[in-house]
Amino acid sequence: MDRAGRPDRRALLVGGLMGATVALAGCSSRKAASSATSASPEVRPTTPDAAFARLMGGNKRWVSGDLQHPDRDPNRRQLVAQEQEPYGAILSCIDSRVPPELLFDTGLGDLYVMRTGGEAVDPVVTGSVEYGPMTSDTPLIVVLGHQRCGAVKAAYYSLRDGKPLSGNLQAIVKALQPAYKQAVREGGADPVETMARAQVKLTAADLRSNRDLAPLVRNGALAVVGAYYSLDTGKVEVLSGAPS
């Protein structure tokens with residue numbers, strides 16, 4: 001083969017070096033990405049103020065779309081596998097459009113979450129809410145209602161029209177009756193929304209005065225916040241009990 005047909009040795013050497021450089025760069029970027037994914041989690045908030053600020057900061061990211069998706073990797077899974085210390089407890093509705101972990105941009109092991117139709121409460125639910133503050137020093141409880149709540153709407157019309165719902169759905173209606181009565185007293189252009197907000201405030205107030213939680217609230221170790229989620233904007237509005 002003549003010289004024109006032979007591959008240039010210098011070209012091969014340069015090409016090999018460039019390929020090795022690209023491979024090393026790719027390896028380096030993968031290591032950096034892995035390092036970012038496995039970065040140490042933020043320090044757990046231990047006061048109501050700090051926990052509330054962390055939670056609402058996450059909601060701001062949800063509204064803007066600038067999400068961090070924290071605490072959602074295998075390292076986090078291993079970290080919390082043996083023990084958990086969530087900084088917040090959320091009592092919210094079962095509505096598929098209102099997942100607390102997403103709308104507060106939190107991760108694995110960050111929150112205790114209880115979900116019932118219209119945030120209806122019974123002794124089992126109350127005990128579940130109490131669990132975090134009483135066993136893990138969780139400094140924040142949030143009762144989270146939301147816009148266009150189907151459970152509240154069904155309960156409102158059931159009570160207004162005197163038509164019980166079928167099966168155990170009637171238990172939800174019964175639990176929401178105090179909120180219905182308050183909504184009737186308050187009036188307003190949209191009584192269902194009024195009732196949904198009343199349910200949040202009443203439930204938060206009941207938890208705040210709970211025999212076991214009230215001492216924690218009084219000494220500043222716990223805050224019980226009533227909040228309301230907008231399906232339209234993604235924003236969480238505080239209705240009562242925000243830490244000062």
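Student: Which element gives the largest share of the lining of the largest cavity, and how many residues does that share hold?

Tutor: The element is α2, which contributes 3 residues to that lining. The model is predicted, and local features require pLDDT of at least 70, side-chain atom pairs count only at pLDDT 80 or more, and totals for chains, interfaces and linings use all residues. Residues are numbered from 1 along each chain as its sequence is written, and side-chain values use heavy atoms, with hydrogens and water left out.

A cavity is a set of points on a 1 Å grid over the protein atoms alone where a 1.4 Å probe fits but cannot get out, whereas a pocket is an open set with protein on both sides within 12 Å along at least five of seven lines; lining residues have an atom within 4 Å of a point. Grid points are joined across faces, edges and corners, and the volume is the space filled by probe spheres set on them. The structure contains 1 cavity of 30 Å³ or more, and the volume of the largest cavity is about 30 Å³. Around that cavity stand Phe52, Leu55, Met56, Phe104, Val142, Val225, Ala227, Val236 and Val238. Two or more lining residues come from each of α2 (48-64), β4 (223-229) and β5 (236-240); helices (H or I, at least four residues) and strands (E, at least two) are DSSP runs numbered from the N terminus. In class, the lining comprises 9 nonpolar residues, with no polar and no charged ones; Ala, Val, Leu, Ile, Met, Phe, Trp, Tyr, Cys and Pro count as nonpolar, Asp, Glu, Lys and Arg as charged, and the others, Gly among them, as polar.

The wider setting is as follows. The protein has 10 helices and 5 strands, and 40% of its 244 residues are buried (under 20% relative accessible area; over 50% is exposed and anything in between partly exposed, with a 1.4 Å probe and protein chains only). In soluble globular proteins, nonpolar side chains tend to be buried together.

Leu207 has contacts (heavy atoms within 4.5 Å) with Thr126, Val129, Ile141, Val143, Leu213 and Val224, not counting residues up to four places away in sequence. Thr126 is placed in helix α5 and counts as buried because its relative accessibility is 17%. Beyond neighbours within four places in sequence, Thr126 contacts Val121, Leu207 and Asn210.

Thr203 has its C-alpha atom 9.8 Å from that of Leu144, the two residues being 59 apart along the chain. Leu144 belongs to strand β3 (residues 140-146) and is buried because its relative accessible area is 0%.

The loops deserve a brief mention. Asp105, in the loop between α4 (100-103) and β2, has a positive phi of about 50° although it is not a glycine; at 2% relative accessibility it counts as buried. Arg148, in the loop between β3 and α6, likewise shows a positive phi, near 55°, but it counts as partly exposed because its relative accessibility is 45%. Val80 is in the loop between α3 (74-79) and β1 and, at a relative accessible area of 19%, is buried. Val80 touches Leu108 and Gly109, leaving out residues up to four places away in sequence, and its C-alpha atom is 6.4 Å from that of Gly109, 29 residues apart along the chain.
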